[in-house]
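Here are my notes on the model you sent over.

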Amino acid sequence: MFVTARIITAETFLCYALYAVTLLGKGVGNVPLRPMLLLALCLTAAQSAIARNSNARAASSGLVVCGSLIPLAFLGQPDYQNTGFLISWLVAVFVSAQHVGMGSKSLKASSLTAVVALLGLLRPPAPAFYVIPFASIGCLMYITLISAIPRSLTEGETLICAQLWALLCYAIFGFGVGTVYLTKLRIAMVFGVVGAVCVGGSMLALKARSVRNPAVYYFALLCGAAAVLLVMSLALDQNSLVWLYMYVFEKKAVPFSFIQYYCAVLMVGLPFAPRNFFRKNRTIARKYFHLLAIIMFVPTILLHVRFLALAFSVAFAIFIVVECLRVAKVEPLASTVDEMFGVYIDEKDEGTAVLTHMYLLIGCALPVWYVFVCHHGGVFSAKSLLCAIGGVTVTGLGDACASVMGVLFGRHKWGSSRKTIEGSLAMILSIIAFQYWALWFNGFHNLSGASWCKLILADLGVVLLEAVTDQVDNLILPLCHVVTLQLI
């Protein structure tokens, strides 16, 4: 009873409320009711098992909220029984089964959890079995990340990464066998990110073999990059570098203009990044990069979201490889990166991998990628616009306002949380104001009263989650915002 009571935290309760709101917003007949209830039960059981084994706070694993977000995001699509929902659902179930089995010290409990969940999913005509191999790949990635970069991610954050990896692997396999259609832009994005993960993994594999010669790492990096470009060229049916050059400089060279804009912002902004500050002001100093993100990404979202999706993929791929080289202690890159970002590290970066410089990028990128994939590749409605700017809105602006206001003027705490009510008020007001401006700029501001109420409800849900969660808010808040915006 003690463990069961501990798992009903504010964060978990908000996730259950999100399930209920989804049912009310979409209608019980329009969502896979049994699979979603079973997912909630599996994740709750796994979270309880983790808390029992580690004697830690149950919310610290984040399995319930993190494991639910991507499946819930795919419920916003016309056909809920789509492949994205099935894969992300199964990865969460398999990981839950693993933790339940470990918690009970019995493979029977693990197997029973998976079998019961699968039987609940098999609701004709849901073809679940053909995606099981990719869900297994996601589960394998989960285990790999936990062991390769310990204490860098919570179980919930690792589960999100595993779900995304399984989806990417399915996209490549489906493209290869002709069941998934990918445009050339999507081919470049998917193959580039997957290739970067493979190259970064090879760096960690060399580290595991105690290779210390930097020349070996850089040679492996060049070979890996060449292999990725070759495979990408075969998929594109033309030279990948030529395709990239044509994409950037053709069509009035709009992408190249944005590249120049990014370079100008970074050249002007980075030299003024705060580096000498007291420890208690570190949170405020980190929000300087949120300001740079707003300046860089908002114009591109409003004018050319497709190019921004590609730019995010390239930046993310580079960050993955650089961080893997840093973890492997490859000089001189490792010491350079440590010097650049070491002053901004907080208690969430005490693990092997330092992900501070990735979280903001991922938080801004995930909604853009979601819109690019699930909203016909662009901003064509108020919903797609709000989803696309969701990352910048929540992490770039809202979270920054909440942190600054909370540190400078916060007096009233949210229970035992370090977050303040004053910070939450600043967050909700800044989010609503920015959303109204973005809707007005794109001509979508004539929403009905009911739509505005739903939008404010979605914003309030994200603000409350930010106040109580101990997960990395830059990662889960944009996903939560995308999920709740599907109700508009």
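**Notes on the predicted model**

1. Let's begin with α18: 14 of its 20 residues are buried, so the helix is largely enclosed by the rest of the structure. Keep in mind throughout that this is a predicted model.

2. α18 covers residues 390-409, and G398 is where the helix bends, by about 30 degrees. That glycine turns up again among the contacts of M427.

3. What does M427 touch, leaving aside its neighbours within four places in sequence? The partners are V394, G398, D399, A402, V462, V463, E466 and L477. M427 also belongs to the largest nonpolar core, a set of 135 residues. Along with I87, V91, F297, F312, F316 and W369, M427 touches the most other members of that core.

4. On the general background, nonpolar side chains tend to be buried together in soluble globular proteins. For the chain here, 54% of the 488 residues count as buried. The exposed surface comes to about 22,000 Å², with carbon and sulfur atoms supplying 70% of it.

5. As for the overall fold, the chain has 21 helices and 0 strands. Taking contacts with a separation of 6 or more, 75% are between residues 24 or more positions apart.

6. Is S240 buried or exposed? The relative accessible area is 4%, under the 20% cut-off, so S240 counts as buried. Not counting residues up to four places away in sequence, S240 touches L229, M232 and S233.

Notes: Residues are numbered from 1 along each chain as its sequence is written. This is a predicted model: local features need pLDDT of at least 70, side-chain atom pairs count only at pLDDT 80 or more; totals for chains, interfaces and linings use all residues. Side-chain values use heavy atoms; hydrogens and water are left out. Helices (H or I, at least four residues) and strands (E, at least two) are DSSP runs, numbered from the N terminus. Buried means under 20% relative accessible area, exposed over 50%, partly exposed in between (1.4 Å probe, protein chains only). Contact means heavy atoms within 4.5 Å. Accessible areas come from the Shrake-Rupley method with a 1.4 Å probe; for residues, only the protein chains shown count as cover. A nonpolar core is a set of buried Ala, Val, Leu, Ile, Met, Phe, Trp, Tyr and Cys residues joined through side-chain atoms within 4.5 Å. The bend at a residue is the angle between axes fitted to the seven residues ending there and the seven starting there.
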